[in-house]
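Below are some notes, point by point, for you to read alongside the structure.

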Amino acid sequence: MTDLSERDQMAYIAARAADARVNIDLETEGMTLNLGPQHPATHGTLRIVAKLDGEQIISAEPIPGYMHRGYEKLTEVRTYPQITALVNRIDWLGSFANEVPFILAAEKLMDVEAPPRAQHIRTILFELARIANISLFLGDFGLQLGALTMGFYAFRDREHVLNQIESATGGRFHPNFDRIGGLKDDLPKGWIADTKRAMVKLRDLCDETQTLMVGNEIFQARTRGIGVIPADVALSYGLSGANLRGSGVDWDLRRDACPPGLVYDKVDWKVWTHPDGDCFARTWVRLQETREATLIVDQLLDSIPAGPVMAKVPRIIKVPAGEAYVETENPLGAMGYYVVSKGDLVPFRVKIRTPSFNNISIVPWVAKGVYVPDLVAILGSLYFILGDIDR
Amino acid sequence: MSSADTTVEPDAVEAAEVPVVDERREALLASLVEALGDAVVGSHIRPLDDLWVRVDREAWPTAAATLKDMGFTFFDYLSAIDWLPSPYGRDMDAQEDLVVSGAEPKVPGPVEQGYAGGDTRFQVIGRLYSIPDALGVHLKTDLPDDDLRVGSWTPHFRGANWHERECFEMFGVEFTGHPNLVKLYLPADFQGHPLRKDFPLLSRRVRPWPGIVDVEPMPGRDDNEEGDGE
């Protein structure tokens with residue numbers, strides 16, 4: 001806590017000094033910098049209004065809403081099976097992962113359980129979505145810090161995962177594959193062997209990222225000690241996923257509170273954390289998670305049980321009245337759906353808890369007193385998808 | 001099962017089972033009641049799944065602070081629920097539905113609250129999580145229609161800042177003590193609160209949903225409700 005108050009004090013002093021300079025001599029006038037809405041570091045259209053004193057940021061305020069699509073309102077006029085097509089577009093890089101918590105919440109209300117084979121394949125696709133999402137982060141973060149090569153490598157290797165998602169579900173980005181009570185279809189022939197080959201390639205990407213980017217001295221100079229978030233502040237802001245684990249909090253919903261319908265308990269895997277809480281720690285945790293996810297997929301591919309992929313559910317789905325909240329560990333962090341049903345074809349209310357919304361609300365706190373180039377590193381390492389903020 | 005079988009019917013066995021008691025959540029609820037006293041006005045436990053606690057409006061920030069001291073340091077989300085049945089509900093807004101089914105236009109039903117009960121149309125809902133215990137708790141509180149104000153959680157959880165701003169613009173709930181209660185997504189001059197049930201979804205008003213047409217029986221099948229999956 002002493003670090004925290006000291007840091008706040010420094011920011012306060014810097015801000016007061018800036019104010020004083022602005023007021024006394026007009027030579028170092030304060031300046032307002034608009035970052036976005038069309039900035040490469042904003043993954044969509046996030047606008048950040050930064051007040052500067054020279055190169056130092058006095059305050060930074062994100063202004064979301066440029067892509068608000070009103071999903072919480074739209075869910076109230078869509079039937080349950082139709083909603084998966086909507087929520088696919090929340091975090092568009094790991095689409096399948098968005099469907100799962102909603103479907104699990106509906107299954108919980110209906111008291112339906114997917115067959116073991118469906119649960120298994122669902123978990124595999126969930127992890128593939130994570131790999132596709134985070135491998136893009138590894139490349140994109142390099143791009144933002146000037147390591148262009150990483151961008152090309154990541155986009156090249158992400159294609160292997162997207163191909164597997166496409167051949168299993170028919171959609172590269174928006175699978176719309178998860179159903180209440182199971183999955184739309186079984187896996188195609190030869191998919192398991194192809195996916196294993198893809199996982200090998202992704203592990204190569206992780207190794208390349210390690211040597212090219214994370215181990216690089218310039219990268220470390222740009223990220224180490226930048227944007228430090230202590231664990232208590234991270235929790236208070238509701239940060240989740242790698243942003244929280246990068247602050248040393250050992251919490252992963254896949255391990256600690258895995259909802260029924262996913263089979264992480266049948267796999268031997270590890271949760272990675274890093275104590276530093278800076279941009280480097282967050283990147284490092286994501287890199288380890290990607291590698292860990294390929295190992296999870298490998299293990300699951302070896303143990304897919306036989307059987308149907310769809311439980312017996314009515315064709316016209318009416319969900320019994322009740323309330324359910326299901327939260328899963330999505331690529332960006334903890335994502336949850338609070339579903340209120342009144343026994344109708346459509347939900348009465350769906351509250352969508354998205355990880356990026358909380359993850360980016362910390363920007364005013366963490367950007368106070370940093371330099372402008374570091375703001376890009378901080379935004380990049382917090383890793384948000386705009387659709388995931390605005391919903 | 002053969003007809004000569006004299007064992008107990010499976011249904012009877014299930015009925016005889018002891019209902020699941022969720023000791024951790026019962027204990028948490030008990031300690032909350034002890035800490036907050038009369039402020040806890042309702043609760044609901046779904047065993048091994050979740051806990052809902054409804055508190056008095058005055059005790060809303062206190063409840064958050066109490067839970068934070070009990071180890072619930074992770075702020076999950078905060079929002080509101082409008083329990084008014086929508087006058088623009090899906091089955092009520094498509095005229096095609098009425099033509100196909102020959103039904104009369106419906107009148108909105110009475111306001112019915114969900115788990116942990118309620119007395120008013122608007123309820124604020126928030127969730128806190130304890131990472132060491134792997135335990136989450138939903139807090140609810142009622143807001144009277146003529147006074148949609150409640151204390152802010154921002155002194156206890158910084159993350160509540162944006163959630164309360166979103167709740168403010170979407171439902172019109174005013175959080176007293178919030179440092180910067182302005183609209184988050186919507187333009188500053190936007191009128192109305194979009195997530196309230198009496199706020200019409202304009203795209204639907206302009207072009208009604210085909211409604212029942214999209215779930216008509218498959219050709220050659222005569223089932224109505226029951227199917228065999230996909």
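1. A word on terms first: helices here are DSSP runs of H or I with at least four residues, strands are runs of E with at least two, and both are numbered from the N terminus. Please also keep in mind that this is a predicted model.

2. Let me begin with chain B. Read from the N terminus, its elements follow the order α-α-β-β-α-β-α-α-β-β-β-α-β-α, which comes to seven helices and seven strands. Chain B has 230 residues, and 34% of them count as buried. If you take the contacts in chain B between residues at least 6 apart in sequence, 65% of them join residues at least 24 apart.

3. Now to where the two chains meet. On the side of chain B, 36 residues are in contact with 37 residues of chain A. Two elements of chain B, β3 (74-82) and α6 (160-171), each supply at least two residues of this side. The largest share, six residues, belongs to β3(B). By residue class, the side of chain B that touches chain A holds 17 nonpolar, nine polar and 10 charged residues.

4. Chain A is assigned two domains, domain 1 (2-63) and domain 2 (78-385). Their centres, taken over C-alpha atoms, are 32 Å apart. Each domain of chain A brings 18 residues to the contact between them. In domain 1 of chain A, the elements that give two or more residues to the side touching domain 2 are α1 (2-24), β2 (47-53) and β3 (56-63). Here β3(A) provides the largest share, with six residues. That side of domain 1 of chain A divides into 11 nonpolar, four polar and three charged residues.

5. How do the axes of α4 (residues 95-110) and α5 (residues 116-144) of chain A cross? They come within 7 Å of each other, at an angle of roughly 135°. An angle over 145 degrees would count as roughly antiparallel, and α4(A) and α5(A) are therefore oblique to each other. The crossing of α4(A) past α5(A) is left-handed.

6. From α4(A) come S95(A), F96(A), A97(A) and V100(A), and from α5(A) come R122(A), L125(A), F126(A), A129(A) and R130(A). Six residues of this contact are nonpolar, one is polar and two are charged.

7. Helix α4 of chain A also holds E99(A). Is this residue buried or exposed? E99(A) counts as buried because it has 26 C-beta neighbours inside 10 Å, where 20 or more are needed. Leaving aside residues up to four places away in sequence, E99(A) touches T84(A), V87(A), N88(A) and D178(A). L86(A) lies 13 residues from E99(A) along the chain, and their C-alpha atoms are separated by 9.0 Å.

8. D111(A), in the loop between α4 and α5 of chain A, is not a glycine, yet has a positive phi of about 60°. With 8 other C-beta atoms within 10 Å, D111(A) is exposed.

9. The other is N176(A), also not a glycine, with a positive phi of about 50°. N176(A) sits in the loop between α6 (148-169) and β4 (178-179) of chain A. Its 19 other C-beta atoms within 10 Å make N176(A) partly exposed, as a buried residue would need 20 or more.

Note on methods:
Residues numbered from 1 in each chain as written. Chains lettered and ligands numbered in written order. Predicted model: local features only at pLDDT ≥ 70, side-chain atom pairs only at ≥ 80, totals over all residues. Domains from an automatic or database assignment. Contact = placed C-beta atoms within 7 Å. Nonpolar A, V, L, I, M, F, W, Y, C, P; charged D, E, K, R; others polar. Buried ≥ 20, exposed ≤ 12 C-beta atoms within 10 Å, placed from the backbone. Axes fitted to C-alpha atoms, helices over the stretch in contact; angles between N-to-C directions. Parallel < 35°, antiparallel > 145°, perpendicular 65-115°, else oblique. Left-handed = near helix turned anticlockwise from the far one by under 90°.
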